[in-house]
Amino acid sequence: MFATPLHKKPERARSSITRLTTLLTLSLGLFLAGCVGVVDPRKAAAVNPAPTSTGSPTSNAQDGVLPAPATTKAPKAVYSAPLSPITASTVNSRSVATLAAPSDIWDRIRRGFAMTDLNSDLVRDKEQWYASRPEYLQRMTDRSNRYLFHIVEEIERRGMPSELALLPFIESAFNPQAVSSARAAGMWQFMPATGESFDLKQNVFRDDRRDVLASTQAALDYLQQLHDRFGDWHLALAAYNWGQGNVNRAITRNQQAGLATDYNSLDMPAETRQYVPKLQAVKNIVAAPEAFNAQLPNIGNHPFFDTIAISQDIDVALVIRLAEINEADFRALNPSLKQPVVMAAGTPQILLPWDNANVFEQRLAEHKGPLASWTVWVVPSTLTASEAAKRVGMSESELRSVNNIPPRMQVRAGSSLLVSRSAQRNNDVSEYVADNARLSLQPEAVARRASVRVRSGDTLSGIARRHGMSTAQLAKLNNLSTRARLRSGQRLAVVASSNESAKVVVIRESQLAAKRSSSSRSSSSSSSKVKVKRTSASRSSKSSRTSKSQRSSAKTTPAKSSPAKKKKKRS
C-alpha cells in the first residue's frame with residue numbers, strides 16, 4: 001500500500017467537485033428541457049433479450065442456470081423527434097383558485113358569480129335605492145339567515161350561477177309569507193297556476209308555494225327550464241317575471257324587425273325592465289358592501305336547519321314544546337302549514353333549527369301519549385256552523401276560529417273541517433284529504449215570520465210547498481192538524497228564509513218590470529193610434545176643405561180658365 005502524496009489531495013478534490021458540478025448541470029438541463037430517458041433499441045435488446053416461441057428468454061446452456069420466469073412488460077416509449085424548449089403560456093383563469101373554505105355564506109356566493117354583468121343607469125339607480133335604505137337592507141339580509149345556506153347548496157349541486165340565490169331579495173325580501181296583488185305567494189312568488197304545474201299543493205290546510213324546500217326546488221327547476229329554452233340567464237329571469245310566452249313574443253317581434261333579441265333590446269313592461277337591474281344591484285352590494293357603505297350580517301357557511309321525518313300526525317304545540325323553540329321560529333321554517341297540526345300524509349318532513357332538531361328527536365322517542373289532538377272531518381251535508389259543532393262535540397266559536405268560518409255562513413257538503421279527535425274520529429288524515437282539502441261556504445238561510453191569506457182551493461201542503469216548508473212545520477206553526485181544512489180568507493203564519501225572500505223580491509221585481517214594459521208598449525201603441533186618428537182626421541178635414549173650395553170655385557169660375565189664372569192659382 002502506498003499513501004497518496006499530500007500535495008495531490010486538493011487536486012483530486014477539485015476534479016471530483018468539477019465532475020459533480022458537471023453532472024448536476026447536465027441533470028438540471030435535462031430536467032428543464034422536459035427530457036425523458038431515451039432507450040436505444042439495440043442496447044435494450046442486449047440487456048433484455050426477446051422471448052422465444054416458448055415464452056422464455058434465450059439462455060446460455062453452459063451456464064447451467066435455469067432461466068427466470070418470463071414477465072410481460074410493456075415496451076418503453078422511444079422518442080426520436082427533437083426536444084422542444086419550454087415556453088411560457090397564458091392562464092385563462094381570472095383568479096387563482098383557493099383551497100381555503102369560504103369564511104361565510106357571502107364569500108361562498110361571491111365565488112359562484114357566473115352571470116354576465118349589466119352596467120346601465122338603471123343598475124346605478126337601483127344601487128342607490130338599496131344603499132339609501134340601510135334598515136330595509138338589514139331587515140332583508142337578517143331574514144335570509146335561515147334560508148341562504150340551503151339555497152346555495154341546491155344551486156351549487158345543479159351547477160347554476162350563485163346570483164340566483166339573491167333572487168328572493170327581489171321577489172319577496174326573503175319573506176315566505178309575502179303575497180302580491182296578483183296572488184303570487186311565497187319566497188319565490190309563485191302564481192297559483194304556475195305553482196300547480198310544479199306540484200305545489202294549495203288547499204285549505206297548506207300552501208306549498210311557501211314551503212322552503214318545495215318552493216326552492218320548483219323555482220330552480222323553473223329557472224333551469226327557462227334557461228334551456230332561451231339560452232340566456234337574463235332572458236330566463238325576464239321570463240320568470242313576465243312569463244315565457246310574453247318574452248318569446250317580444251323576441252319574435254324583434255327578429256321580424258331585424259333588431260337584437262338580448263334583454264336590453266326587448267320591449268318589456270317597466271317591472272320586467274327593472275327586474276334584472278335590481279338583481280345586479282344586489283349582486284354588486286354583496287360583492288363589495290364597503291363600496292356602498294352597507295353592512296351584511298354574519299351568516300355562517302353552515303346549515304341553519306335540519307330536516308326531520310314525520311310518520312304520524314303531530315300537533316304543532318307538541319313539536320314546539322319538545323324542540324324547545326317558540327312558535328314564530330317554527331312558522332318561519334315551516335311557513336306552508338296553516339293549521340295547529342302537522343299532517344304526515346301531506347307534510348312528511350318538518351324543518352327545525354339545527355341544534356334543536358337533535359333535542360326534538362330525543363324527546364320524541366321518550367314521549368308517552370298521543371301525538372295529535374286534531375283530525376279532519378269531511379262534512380256529509382250542508383250544515384250551519386252550530387250544527388257542525390254539535391256533531392263533532394266542539395263549541396261553535398272554536399270550530400269557527402280553527403277553520404276560519406265567517407259569521408252567517410253555512411258549510412257546504414264535501415268541505416273538510418279540522419276538528420278535535422274523539423273515540424269516533426281518531427285516525428290520521430289520509431293523503432287524499434291532506435292534498436285536496438277544501439272549504440266551501442254559502443250564506444246562512446235566515447228565517448223570518450210572515451202571514452198569508454188562504455185563497456179558495458188552498459191546502460196546507462200547497463201553502464207549505466210555496467214557502468219552502470213541510471206540511472208538518474206549517475201545521476205546527478199554526479197549531480193545526482196536518483189534515484185540517486182551511487177556509488177562504490183565513491190567515492196562516494209561515495216562515496220564509498232570506499234566500500226565499502230574495503227570490504220573492506226578484507220575482508216581484510221581474511213582474512213589475514214586465515208590467516211596466518207592457519204598459520209602456522200599450523201606451524206607445526195607443527199614442528200611435530191617436531196620431532193615426534189625428535192624421536186621418538186632418539186629411540179628412542183637408543179633403544173636406546178642398547172639396548168645399550172646389551165647389552165654391554166651380555160656382556164662381558168658368559169651365560175653362562186662362563193659363564195666367566191657372567198659374568196664379570197653383571202659386
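Which residues does R210 touch, not counting residues up to four places away in sequence?

## R210

R210 touches P176, Q177, V179, A185, G186, P335 and S336, with residues up to four places away in sequence left out of the count; contact means heavy atoms within 4.5 Å. R210 lies in the loop between α8 (192-197) and α9 (212-230). The relative accessible area of R210 is 14%, so R210 is buried (buried: under 20% relative accessible area; exposed: over 50%; partly exposed: in between; 1.4 Å probe, protein chains only).

## Basis and overall content

This is a predicted model, in which local features need pLDDT of at least 70 and side-chain atom pairs count only at pLDDT 80 or more, while totals for chains, interfaces and linings use all residues. Residues are numbered from 1 along each chain as its sequence is written, and side-chain values use heavy atoms, with hydrogens and water left out.

The chain has 23 helices and 11 strands, which are DSSP runs numbered from the N terminus (helices: H or I, at least four residues; strands: E, at least two). Of its 571 residues, 34% count as buried. Among contacts in the chain with a separation of 6 or more, 68% come from residues 24 or more positions apart.

## Helix α5

The buried residues in α5 (residues 134-144) include L137, M140, T141 and S144. These four residues are on the same side of α5, because they cover an arc of only 90 degrees around the axis, the arc being that of the directions from the helix axis to the C-beta atoms. An α-helix has 3.6 residues a turn, so residues three or four places apart point the same way.

The cover over the buried residues of α5 includes α3 (105-111), α4 (121-131), α6 (148-158), α7 (167-171) and α13 (275-287).

## Packing of α4 and α13

The axes of α4 and α13 are 8 Å apart, and the two helices pack at an angle of about 60 degrees. That angle makes α4 oblique to α13 (under 35 degrees: roughly parallel; over 145: roughly antiparallel; 65 to 115: roughly perpendicular; the rest: oblique). Axes are lines fitted to C-alpha atoms, for helices over the stretch in contact, and angles run from 0 to 180 degrees between N-to-C directions.

On the α4 side, L122, V123, R124, K126, E127 and Y130 meet P277, K278, Q280, A281, V282, N284 and I285 of α13.

## Strands β5 and β8

Strand β5 (residues 374-378) runs antiparallel to β8, and five bridges join them; two strands pair if DSSP finds at least two bridges between them. Opposite T375 stands V419 in β8. Strand β8 (residues 416-420) is largely enclosed by the rest of the structure, because five of its five residues are buried.
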